[in-house]
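Please read the following note beside the sequence and the model.

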Amino acid sequence: MNAPLPTSLEDLAVEMTRHGWDVSWQRNHGEARVEGSLRGGAAAMATARYTLEKGWVTRFYAIESVEDEGTHWLRIRRNALLTFISTDRLPADARRWIVRHTKCRCRKHSQPTQWRALHLLAGIQLERLSTRGVEEEKRVYRCRYDARRWHLTSQDERTPSSWHGTAAAL
């Protein structure tokens, strides 16, 4: 039996779209994620996981833009995320927890957002074209172990992605 998708993620996606964010979804059995990104590297994410003991458990994350020196995902409360979505700034009095740990076991260099990974990929490709005329890295992909990590690869895409929506705009 599939549990219904929590409406809070749908509501957040509507808010992100209303405020000009590029929104993407991922849904699997018992878990869902909505992520929004802005030019400049700011990102907002809400994840939900269904357990028999607790039902839907939702967590909220934000990372500020490169200009605002955002380097780590911050775990925040829903109200702070709503403010961040509408103003691109976290409230000064918002409780925030820096997420320094990662579930990523890939041992590869990673970026915290798709926008930052695409930005790095574009820079690497331009550098390689100007020096060797060869593109090695071809695309970015979300780490399968940690939703807050993106990797670069030289491999073509092998399987269809479960990620749906718009790519982060450079």
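1. A residue is called buried under 20% relative accessible area, exposed over 50%, and partly exposed in between (1.4 Å probe, protein chains only). By this convention D68 is partly exposed, its relative accessible area being 24%. The model is a predicted one, in which local features need pLDDT of at least 70, side-chain atom pairs count only at pLDDT 80 or more, and totals for chains, interfaces and linings use all residues. Residues are numbered from 1 along each chain as its sequence is written, and side-chain values use heavy atoms, with hydrogens and water left out.

2. A salt bridge here is a side-chain nitrogen of Lys or Arg within 4 Å of a carboxyl oxygen of Asp or Glu. The count under this rule is eight salt bridges. Helices (H or I, at least four residues) and strands (E, at least two) are DSSP runs, numbered from the N terminus.

3. One of the salt bridges pairs R49 with E31, with 2.9 Å between the closest N and O atoms. R49 belongs to strand β3 (residues 43-51) and E31 to strand β2 (residues 31-37), so this contact ties together parts that are 18 residues apart in sequence. R49 is partly exposed at 45% relative accessibility, and E31 is likewise partly exposed at 29%.

4. D68 also takes part in a salt bridge, with R89 as its partner and the closest N and O atoms 2.4 Å apart. R89 sits in the loop between α2 (78-87) and β6 (96-98), whereas D68 sits in the loop between β4 (55-63) and β5 (74-76); the pair therefore ties together parts that are 21 residues apart in sequence. For R89 the relative accessible area is 42%, which is partly exposed.

5. Salt bridges with shared partners link R128, E136 and E137 in one network.

6. Which residues of α2 are buried? They are A80, L81, F84 and I85. Viewed down the axis of α2, these buried residues fall within an arc of 140 degrees (taken from the directions from the helix axis to the C-beta atoms), so they line one face of the helix. An α-helix has 3.6 residues a turn, so residues three or four places apart point the same way. After α2 comes D88, which has a positive phi, near 65 degrees.
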